[in-house]
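Dear colleague,

I am writing to hand over the structure shown below. Kindly look through it before reading the notes that come after it.

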Amino acid sequence: MIERYTLPEMGQVWSDAHKYELWCRVEVLVLEAHARAGTVPADSVEPVRLAPAPTPRSAAAYVHYGMTSSDLLDTALALQLTEATDLLVAKATRLVAVLRDHALAHAGTLRAGRTHGIHAEPDVWGHRVADFAFAMARSRDRLVRAREAVAVGTLSGPVGSYSNIDPAIESEVMPALGLRAADVATQVVMRDGIAEWVSALAIVATVCEAVALEVRHGQRTEVRELAEPFRSGQKGSSSMPHKKNPIRSERIVGLARVIRGYVTPVTEGIPLWHERDISHSSVERIALPDAAIGTDYLLHLTTGLMEGLVVDAARMRANLDLTGGLMYSSAVLLELVSAGMAREDAYALVQAAAMETWDSGTPFRETLRKQAATRGQSLPEERLDEAFRPERYTTRLAPVFQRLTRLS
């Protein structure tokens with residue numbers, strides 16, 4: 001991943017220097033276990049413990065104590081994956097809290113609910129954000145489960161048969177590393193756990209994209225209900241000074257595509273030739289650091305986006321009234337039927353009034369009265385007062401927000 005999108009903590013996890021530190025940690029623990037088992041001299045441990053970590057130049061000649069290079073690399077990789085996951089879980093948890101608090105703050109902010117990009121029924125902005133909060137919490141929990149899937153190491157020899165190392169060494173070393181020994185391994189650990197991990201990252205990234213996409217729509221000139229934070233002196237366009245472009249949201253959307261793009265090549269590392277080939281390793285050297293670093297950056301961007309998001313509640317209410325009340329047509333139809341009008345007659349009346357409102361811009365309540373008068377039908381005005389009250393449509397959301405208060 002390019003330096004611009006690499007945050008320091010996650011970048012450190014995937015640095016060569018840290019990788020070599022993990023190699024040394026594994027090697028020392030293995031050597032200590034051998035010393036306790038009496039298979040190497042006890043005085044051989046301290047010089048190895050004190051030796052400097054390998055460098056890129058010396059790594060190729062690095063000595064492994066009773067294990068294959070694949071044992072070492074897979075076990076060190078498991079440590080990197082768990083460290084990366086811990087950072088991601090912490091950031092996802094913070095984003096859950098930001099989304100939760102934002103949603104609760106806007107539990108009463110009326111807006112037009114939209115389906116297919118078209119006004120549907122009144123809603124509140126907090127309801128939309130609550131959906132994102134619960135989705136990110138589920139995504140965080142998938143990461144936690146995926147951590148278990150990758151926290152697996154092996155010290156089982158050239159084809160996993162323990163031909164040159166006692167299984168007791170593996171049983172001793174893995175808990176000390178915070179890993180569990182693979183139930184079975186060949187020369188490598190089966191890659192289904194790593195594929196699960198990358199898939200979990202892809203879902204996190206895509207939930208971030210869902211948030212960003214909502215903001216992008218809300219910032220459109222024709223909508224103008226939402227706006228990204230825009231700092232003093234920031235340029236929206238190099239040639240059009242009036243613009244405030246949703247560049248953060250667009251960056252989130254683009255990078256989410258990159259993260260999803262790693263799912264297939266990593267998953268294709270599950271089937272290998274016999275006990276092992278290396279068709280997976282070239283992919284993993286790129287895909288695993290990039291997926292972790294990219295998802296880390298996306299969580300950072302999305303958290304900042306929501307913390308600084310500008311919500312124009314007045315504009316939301318104005319847009320709610322944009323169609324002159326047409327979004328109440330379903331409720332009006334039901335009220336007319338409940339008041340005793342035949343459903344076919346009620347539908348014909350409401351449809352005629354709605355079409356007139358579309359064509360003329362006359363408020364829907366007025367066209368209803370006009371169409372009713374031409375048909376010699378009376379309207380239940382008090383019932384219609386309630387049908388045209390937007391708060392009526394969101395009163396049953398209370399349990400959703402109650403559940404949201406318990407989200408952590």
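This is a predicted model: local features need pLDDT of at least 70, side-chain atom pairs count only at pLDDT 80 or more; totals for chains, interfaces and linings use all residues.

The largest nonpolar core has 93 residues. Those with the most contacts inside this core are Trp14, Met136, Trp197, Leu288, Val332 and Phe364. Helix α7, which covers residues 192–219, gives the most to this core, with 13 residues. As for Trp197, leaving aside residues up to four places away in sequence, Trp197 touches Trp14, Leu81, Ala84, Thr85, Ala146, Val150, Leu288 and Ala292. Another core, of 19 residues, lies apart from the largest one; among its members are Ala78, Ala151, Leu155 and Leu179.

Turning to helix α8 (residues 247–261), its 15 residues should span 21 Å at 1.5 Å a residue, and the end C-alpha atoms are 21 Å apart, so the two values agree. Buried in α8 are Ser249, Ile252, Val253, Leu255, Ala256 and Ile259. These buried residues pack against α7, α9 (263–267) and α10 (281–307).

Finally, helix α12 (residues 329–338) packs with helix α13 (residues 343–360) at an angle of about 145°, and their axes are 9 Å apart. The crossing of α12 past α13 is right-handed. On the α12 side, the contact is made by Ser329, Val332, Leu333, Leu336 and Val337; on the α13 side, by Arg343, Ala346, Tyr347, Leu349 and Val350. By class, this contact has 8 nonpolar residues, 1 polar and 1 charged.

Key
Residues are numbered from 1 along each chain as its sequence is written. Side-chain values use heavy atoms; hydrogens and water are left out. A nonpolar core is a set of buried Ala, Val, Leu, Ile, Met, Phe, Trp, Tyr and Cys residues joined through side-chain atoms within 4.5 Å. Buried means under 20% relative accessible area, exposed over 50%, partly exposed in between (1.4 Å probe, protein chains only). Helices (H or I, at least four residues) and strands (E, at least two) are DSSP runs, numbered from the N terminus. Contact means heavy atoms within 4.5 Å. The expected span of a helix is 1.5 Å times one less than its number of residues. Axes are lines fitted to C-alpha atoms, for helices over the stretch in contact, and angles run from 0 to 180 degrees between N-to-C directions. A crossing is left-handed if the near helix is turned anticlockwise from the far one by less than a right angle, and right-handed if clockwise. Ala, Val, Leu, Ile, Met, Phe, Trp, Tyr, Cys and Pro count as nonpolar, Asp, Glu, Lys and Arg as charged, and the others, Gly among them, as polar.
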